[in-house]
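Please prepare a briefing on the structure shown below.

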Amino acid sequence: MPDAAGPGPGSQRAVVEAARELRAAGRAFVLTLVVEAEGSTYRKPGALALVAEDGRRVGVISGGCLEPGLVELAQTALAAQEPRDTVFDTRSDDDLLFGSGSGCRGRMRVVALPILPGAAAPLLDAVLDVHDSRRPARLALHVLAPRLDLQGGVTLRPPPLVLLLGAGPEAPPLLDIARTLGWYVWLADHRAALLEEPRLRAADRLIAARPAAALASLGGAFLDAAIAMTHTAQHDLAALGALAASEVGYVGLLGPPARRDELLAQLTPAERAALAGRLHAPVGLPLGGEGPEAIALAIAAQMQCALQRTA
């Protein structure tokens, strides 16, 4: 059977998980942070990458052209046990001939901060707190490396947390895509047999409960998105009612427009008003195709667009 999908190696979540493992093992490593960007750049301020003592890298700042320089910067910082920074500037024609040759036409400033066993690590602490609390945080750059004369700040954001209400055929491929993107995914269904699907083991949490009870069990966790996809009108209706009372910014409903209209007609006027502007039904972009995999891709694409606009 297929192994549970993990976060994509270029995702912020992969960087954070690697950092947790190295810190727990008492190993030194370097966190790199994009602090400035202008023009066309692959990553923007707040983007993270990690370089271990042995040169292993998790995370990216470009399509591959700048990574050798990133590793070199990190190794220099680790050898000195002090923060270092550099500017990757690919805006000039000379860069096409003598530089990275990326043709991105942008400028990016990156800071490398050694994380040493037993030493203070404000960037790592801030990143872990953002992930654990699921709340964005504004980080003042001068706190990270006073000697580098960094100005301003960067906003650190956690990956999205998505709740799938229903373990139907679209759930496994949607879970695979979301996990590859580095999202956190919880999955709820009261049908225990459906939760035994091996590919669903990739979920960060499996909840054996009906939609309303599943939402009530979250303990105040901040959800970025939730999708009613039980393939059962009764349970999708209950999910919509519960989500209407929530603050989830993106609410999806699987199924055709006629089914959407039938379900909305059974909600109270107050519930329909509460869902206005948040409900995506039918959920997913009209990409074409059919079957669980195509539907999952359409849903993930729409969520990516919506969640990035609210970030």
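D149 counts as exposed because its relative accessibility is 54% (exposed means over 50% relative accessible area, buried under 20%, and partly exposed in between, with a 1.4 Å probe and protein chains only). The model is predicted: local features need pLDDT of at least 70, side-chain atom pairs count only at pLDDT 80 or more, and totals for chains, interfaces and linings use all residues. Residues are numbered from 1 along each chain as its sequence is written, and side-chain values use heavy atoms, with hydrogens and water left out.

**Backbone geometry**

- D149 has a positive phi, near 55°, and is not a glycine.
- The loop that holds D149 runs between α5 (141-144) and β7 (153-156) (helices, H or I of at least four residues, and strands, E of at least two, are DSSP runs numbered from the N terminus).
- H231, also not a glycine, has a positive phi of about 65°.
- H231 belongs to the loop between β11 (225-228) and α8 (233-244), and its relative accessibility of 47% makes it partly exposed.
- A cis peptide bond, with omega near 0°, links A281 to P282; P282 is in the loop between β13 (279-280) and α11 (292-310).
- For context, most residues other than glycine have a negative phi, and most peptide bonds are trans.

**Sheet and packed helices**

- An open antiparallel sheet is formed by 5 strands in the order β3-β2-β1-β5-β4 (strands pair if DSSP finds at least two bridges between them).
- The edges are β3 (57-58) and β4 (84-89); each has a single partner strand, so one side of each lacks a neighbour in the sheet.
- Strands β1 (residues 29-39) and β5 (residues 106-115) are joined by 10 bridges in the antiparallel sense, and L33 stands opposite V111 in β5.
- Helix α2 (residues 67-80) packs on the sheet, touching β1, β2, β3, β4 and β5, and its direction makes about 165° with that of β4 (axes are lines fitted to C-alpha atoms, for helices over the stretch in contact, with angles from 0 to 180 degrees between N-to-C directions).
- Helix α1 lies across β1, β2 (48-52) and β3, at about 35° to β2.

**Side-chain surroundings**

- R13, in helix α1 (residues 12-24), counts as buried because its relative accessibility is 5%.
- Beyond neighbours within four places in sequence, R13 has contacts that include H131, R179, W183 and D204 (contact means heavy atoms within 4.5 Å).
- The charged end of R205 sits over the ring of W186, 4.0 Å from the ring centre (the criterion is NZ of Lys or CZ of Arg within 6 Å of the ring centre and within 35 degrees of the ring normal).
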